[in-house]
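Hello,

Here is the structure we talked about. Please open it alongside this note and follow the residues as you read.

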Amino acid sequence: MGTKVSKTDHFSISQRSNGQVRVRSGTQYESVCNYSRAVVIEGEGRSWILVSGTTGIDYETGCLVPGVEAQTDKCFENISGALKSAGAELRHLVRVRIYLSDGGDFSAIAPIVGRACAEGMPANTTVVAQMIDPEMRIEIEALAFKPTAE
C-alpha cells in the first residue's frame, strides 16, 4: 500500500517545486494519511528537519517490535535513518516530543533517550497519551537543525 522503497535504506526522497524535500519510509500510514516521515526546509546556511511521530515499527518486516525498550531503540533508529536521508544526524536534534502509552514506562525509556540525545541535548517534552494501536508503547516526534556549511 505504501511507497516503494529500497530494502537497503528504507527511505525515498522527493524534491518539491517550493524547494522543500520530503522523506518517506514507505509505511502504509504515510500513504493512507498522506504525510512524510520528514520534511526538510532549507534556508540561508541552514536546514530544519521536521520528523513526524515515529513508532517502533521495523521497516524490514513492517511489524512493531515488542516491548517499550525495543520500541524506543527502534524509534531512534528510524528517526536516525530519516535524518540521515536528509543529511543530518541525531546530534542535530534540537527538540523531541515523546508520547508514552503508560507513564510507568518512563524509567525504562529514560536511559535510552539519554543515550540517543546525549550529543545534541535537545529540548524534550514527554507526555502520556493513548496510541492508535494498543501494542504501541511509544511514539517520538523530532526537530533537527543543521547548518548547511557543516
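Below is what turned up, topic by topic.

**Confidence first.** This is a predicted model. The average pLDDT is 83, and 74% of the residues score at least 70. Residues 1–8 fall below 50, yet that stretch still has 17 contacts in the model beyond near neighbours in sequence. Where pLDDT is low, the predicted coordinates should not be read in detail.

**Salt bridges.** The count comes to 4. Side chains of opposite charge can pair when their charged atoms come close.

Lys-74 is buried, because its relative accessible area is 13% and the cut-off is under 20%.

Glu-141 is partly exposed at 27% relative accessibility. Arg-97 is partly exposed too, at 32%.

Asp-105 is buried, with a relative accessible area of 8%. Arg-137 is partly exposed at 27%.

**Cysteines.** How many disulfides does the structure hold? The count is 0. Cys-63 is partly exposed, at 45% relative accessibility. Cys-75 is buried, at 0%.

Val-127 lies in strand β8. Its relative accessible area is 32%, which makes Val-127 partly exposed. Which residues does Val-127 touch, leaving aside neighbours within four places in sequence? They are Ile-98, Tyr-99 and Leu-100. Strand β7 covers residues 93–100.

**Inside helix α2.** Thr-72 lies in this helix, which spans residues 68–85. Is Thr-72 buried or exposed? At 0% relative accessibility, Thr-72 is buried. Leaving aside neighbours within four places in sequence, Thr-72 is in contact with Ile-109, Ile-112, Val-113 and Ile-138.

**Surface.** Ile-41, Trp-48, Leu-50 and Val-94 make up a nonpolar patch. Together they have about 310 Å² of accessible area. Val-94 comes from strand β7. Its relative accessibility is 35%, so Val-94 counts as partly exposed.

**One backbone angle.** Met-121 has a phi near 45°. That is a positive value in a residue other than glycine. Where is Met-121? It lies in the loop between α3 (106–116) and β8 (123–128). Met-121 is exposed, with a relative accessible area of 68%.

Best wishes

Methods. Residues numbered from 1 in each chain as written. Predicted model: local features only at pLDDT ≥ 70, side-chain atom pairs only at ≥ 80, totals over all residues. Heavy atoms only, no water. Disulfide = S-S within 2.5 Å. Buried < 20%, exposed > 50% of the residue type's maximum accessible area, 1.4 Å probe, protein only. Patch = residues over 30% accessible without salt bridge, like charges linked within 9 Å, V, L, I, M, F, W, Y side chains within 5 Å. Areas by Shrake-Rupley, 256 points an atom, 1.4 Å probe, with all protein chains shown as cover. Salt bridge = Lys/Arg side-chain N within 4 Å of Asp/Glu carboxyl O. Helix = DSSP H or I, 4+ residues; strand = E, 2+ residues; numbered from the N terminus. pLDDT = per-residue confidence, 0-100. Contact = heavy atoms within 4.5 Å.
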